[in-house]
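Welcome, and please open your viewer. We will begin at a single residue, step out to where two chains meet, and then take in a whole chain.

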Amino acid sequence: MLNKTIKFVAGIGLCALGLLSAQAASAQSKLQEVLSRGKLIVGTGSTNPPWHFRDEKGNLVGFDIEIAKIIAQGLFDDPTKIEFVNQASDARIPNIVTGKVDIACQFVTVTAARAQQVAFTVPYYREGVSLMLVSGGRYADYAALKAAGSKVTVSVLQNVFAEKMVHDALPDAKVDQFESVDLMYQALNSGRADAAATDSSSLRYYMKQNPGRYVDSGFSWNPQTYSCIVKQGDSDWLNFVNVAMREAMTGTTFPLYKAAYERWFGETPPEPKIGFPSEFR
Amino acid sequence: MQTFLDQVWIARWPLWDGFLLTIEIAISAIVLGTVVGCICGIQLLFGPAISRLLFRLYVDVMRGTPVLVLILAAFYIPSVVGISLNATQAGILALSLFAGAHIGELLRGALQAIPPGQAEAARSIGLTFPQTLTYVLLPQALRSALPPWINTGVELIKGSSLLSIIGVGELLLKTQEVIGRTFMTIEFYIFAGLLYLAANISLDQLGKMIERRVQGR
């Protein structure tokens, strides 16, 4: 009996010790945890070019992936020390909150509502909606589309806000909604639609894939900011990630950001201006 | 069509990997689910009252919850209490628990369908309860439980596609990845559908074959 009691008490003591050490580990910053683990665990998707998708060889590639590599480069001086956790878009916040991933870089749109649940890093892209036209087609640019009024048909991805989104830019245009991206582009190719309206980044990437076939209307609207997200309450980790990302857009690692931007969007981002740091202007 | 076939050829390995993972997940879930289900089915009928109650609760909760909810629960709840399962493990856990409840219930039904005279006769010739179960009841129950058991397997192959939600790279997610790159939505979904169909028809035929063997004696 006594023996059993001793074992029981010892058991409880061990459990308490375990809990305590777990507590101590969680008091330590994520930054230390990641460094001692030797790899960064990044949550992202695999089905949305040019952000995060699989190339023909099955490797995860895209702009989000490059941002993750920039952060890993800052941590380990080695962009390959990453474990990507594949997650659906609606798993982005739960996976951060439950600690399944260290950071999520998965075209997360910054909103105040989301900022109540997770911490946003500095932004790395500003998404918008653009109009793509067939080059040499009936309408040359945004002004021509707008002038044509209700004669213009715009193809968009099916979505509750699609109609309003198009009408914000072209108030009189007819809106044709399609279930998938390929059908939306097909409508443009077949002449059923005069323009396709979708995310600027997707259009840029698509135009880069099909050089010379399409032109941008020159007008973009519907701004939304993309940032990575981390768990709230760990300022050392957030600060580290912010520094790594900010310096890729303004400082020593700019060549990495620039190369990624050119690769996925087919454009060169503005060079950081030498002299007074522009972010304080 | 030609470009589609080219794209299938380019994507053959990712799709094949996804297909294999789908099959692996389904097999793991049916094996684990069968183990759980056998214990569950026997306990539901012959267990002590407390055990009957607990297994009844398990079966009702599992059967009354959508598989998708089970999958999300298996993925998130363990990590809240500090157990870290990866997506595939969590998915197999959810599908096994789901299958365990279904198989438990169908085994209970099959055992109950055996006329009580069988067990009484076994007892009267001096067989112990484990012997009665092994030699008299289970062989008969398993025979009548076989068709619905195969059905559960088919459900699991289809259910494994839900694991794409938590990021398991099975056939559906691999297909979506290929669609993301090629924009050939309809073609690749039909292709994936045919693969699921082929797997399920094969399983069905396998089931029919086993059925013939155990019945035809």
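## First stop: one residue

Select I165(B), which counts as partly exposed because 19 C-beta neighbours lie inside 10 Å, and a buried residue would need 20 or more. Keep in mind as you look around that this is a predicted model.

Where along chain B are you? I165(B) sits in the loop that runs between α7 (129-159) and α8 (171-182) of chain B.

Now show what surrounds this residue. Which residues does I165(B) contact, if we leave aside its neighbours within four places in sequence? They are A88(A), L68(B) and I71(B), so label these three next. Pick I71(B) and draw a distance between the C-alpha atoms: I165(B) and I71(B) are 94 residues apart in sequence, yet 8.8 Å apart in space.

## Second stop: where the chains touch

The contact between them takes 18 residues from chain B and 22 residues from chain A. On the chain B side, select α2 (12-46), α4 (67-80) and α8 in turn; each of these helices supplies at least two residues to the side that touches chain A. Which helix gives the most? That is α8(B), with 4 residues.

Next, select residues 87-112 of chain B, which form helix α5. This helix has 26 residues and reaches 37 Å from its first C-alpha to its last, close to the 38 Å expected at 1.5 Å a residue. Is α5(B) mostly covered or mostly open? It is mostly covered, with 22 of its 26 residues buried.

## Last stop: the whole of chain B

Zoom out and show chain B as a cartoon. How many helices and strands does chain B have? There are 9 helices and 0 strands. Taken along the principal axes, the C-alpha atoms of chain B fill a box of roughly 70 × 50 × 20 Å. Of the 217 residues in chain B, 39% are buried.

To finish, select residues 19-207 of chain B, where an unreviewed UniProt entry places the feature "domain: ABC transmembrane type-1". This stretch is 84% helix and 0% strand, and its end C-alpha atoms are 20 Å apart.

Note on methods: Residues numbered from 1 in each chain as written. Chains lettered and ligands numbered in written order. Predicted model: local features only at pLDDT ≥ 70, side-chain atom pairs only at ≥ 80, totals over all residues. Buried ≥ 20, exposed ≤ 12 C-beta atoms within 10 Å, placed from the backbone. Contact = placed C-beta atoms within 7 Å. UniProt positions renumbered as here; feature names shortened; annotations may be inferred. Expected span 1.5 Å × (residues − 1).
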